Structures are given as structure tokens and as C-alpha cells.
Amino acid sequence: TWKSLYKNYITCEGTIDSMMPNSRRGNNNTYCKSLLARLNTKSNAFRKIDQSTNVEGISKVIANRSRYHKVNAESYFRHKTVEFRQHSGTISYDKISNWILFLHGMVSYSEKNHIIANGNFDTMKAFMKSETHNFYFNRIQDLAA
């Protein structure tokens, strides 16, 4: 599940970036660094993930055991959870609820060991409900303007 989750997030990272303000995109933020920052390419990241034998190994190759990446596996060792750090702080119910629904869909998809074919927004429908997909479609348009 962890391998699939990391692969899916890496595959979709560019599209997820487009759903976020500029301060939370790419490697722009010290507290939510890109998952590809250390490994440069998706194929290199996938190879390193596949070579890992546990969550600690994945965290080491992706983040050098740092919690300051978009997906933080370090929280697993203390709390038995995964932490998603990319979303900016908000009190907007729509932003919070859609982010939770988006992540729930991705985690559930990953639990079935499904790997998304590409990170195109429409391909992400495989794990998004239509309401969440519509919310993020509109958000991408708003943030691009």
C-alpha cells in the first residue's frame, strides 16, 4: 500500500500542484517539498520505491527520513498514520472536505495496489468522486487565472 501510495502521489504530483497555490507547488515550500526532489525522475523514484522493503526504506529514499515532504511517512513511526502536508492552511469547509475526499480516494485506490497510469487530471477520476473532481477542476481554473 505504501509503495502504491507514493507512486500514485508522485505520478499525480504535477496535477496536484495545479490544485494548490504557488507557495505549495513543486519544491517551493520548505515544509512540503516535492517527492521527486532527491530522485529527479519518476522512473528513478519508482525503482527506489520498489527496492525498499518497508516504510522506513521508502521514507529514507524519498525524503532522507525528513517529515517535510508532501507525503510524510515519518508520522507512521510515531502515530501509525500518513501525513499529507501539501495543502495550505484554511478554514474553508469546501477546501477541507474536498481535500479529505481526494486523499481518501487516493489512499483507497492505493490500498488495492492500483497504480494510476498517468497524472493527467481526467485520469485521476479513477479515485475521485464527480463532486470532488468538479471542485478541483474549477479550482485549477481559478488558480491559473
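**Exercise 1: two helices**

The axes of helix α1 (residues 2-18) and helix α2 (residues 42-51) come within 10 Å of each other and cross at roughly 175°. Work out how the two helices are oriented and which residues of α1 and α2 make the contact.

*Solution.* A quick note before we start: this is a predicted model, where local features need pLDDT of at least 70, side-chain atom pairs count only at pLDDT 80 or more, and totals for chains, interfaces and linings use all residues. Residues are numbered from 1 along each chain as its sequence is written, and side-chain values use heavy atoms, with hydrogens and water left out.

Step 1. Axes are lines fitted to C-alpha atoms, for helices over the stretch in contact, and angles run from 0 to 180 degrees between N-to-C directions.

Step 2. List the contact (heavy atoms within 4.5 Å). On the α1 side you'll find K3, Y6, K7, I10 and T11, facing K42, A45, F46, I49 and D50 of α2.

Step 3. Sort them, taking Ala, Val, Leu, Ile, Met, Phe, Trp, Tyr, Cys and Pro as nonpolar, Asp, Glu, Lys and Arg as charged, and the others, Gly among them, as polar. That gives 5 nonpolar, 1 polar and 4 charged residues.

**Exercise 2: salt bridges**

*Solution.* Step 1. Set the rule: a salt bridge is a side-chain nitrogen of Lys or Arg within 4 Å of a carboxyl oxygen of Asp or Glu. The count comes to 6 salt bridges.

Step 1. Take D17 and K70, whose side chains meet in a salt bridge at 2.7 Å, N to O. D17 sits in helix α1 and K70 in the loop between α3 (55-63) and β1 (71-72), so to speak distant parts of the chain, 53 residues apart.

Step 2. Check burial, where buried means under 20% relative accessible area, exposed over 50%, and partly exposed in between (1.4 Å probe, protein chains only). D17 and K70 are both buried.

Step 3. Now R65. Its salt bridge with E56 has the closest N and O atoms 2.7 Å apart, and the one with E74 has them 2.6 Å apart. R65 is partly exposed at 33%, E56 is partly exposed at 40%, and E74 is buried at 17%.

**Exercise 3: aromatic pairs**

Classify the ring pairs W2–Y76 and Y109–F127 by geometry.

*Solution.* Step 1. Rings of Phe, Tyr and Trp (its six-membered ring) pair if their centres lie within 6.5 Å; planes under 30 degrees apart are stacked, over 60 edge-to-face, and the rest tilted. There are 11 aromatic pairs by this rule.

Step 1. W2 and Y76 lie 5.5 Å centre to centre with 70° between the planes, which makes the pair edge-to-face. W2 is in helix α1 and Y76 in helix α4 (residues 74-79), so the pair ties together parts 74 residues apart in sequence. W2 is buried at 19%, while Y76 is partly exposed at 27%.

Step 2. Y109 and F127 come out tilted, at 5.7 Å and 50°. Y109 is buried at 16%, and F127 is buried at 7%.

Step 3. Zoom out: ring pairs link W99, F102, Y109, F127, F135 and Y136 into a cluster.

Notes
Helices (H or I, at least four residues) and strands (E, at least two) are DSSP runs, numbered from the N terminus. Angles under 35 degrees count as roughly parallel, over 145 as roughly antiparallel, 65 to 115 as roughly perpendicular and the rest as oblique.
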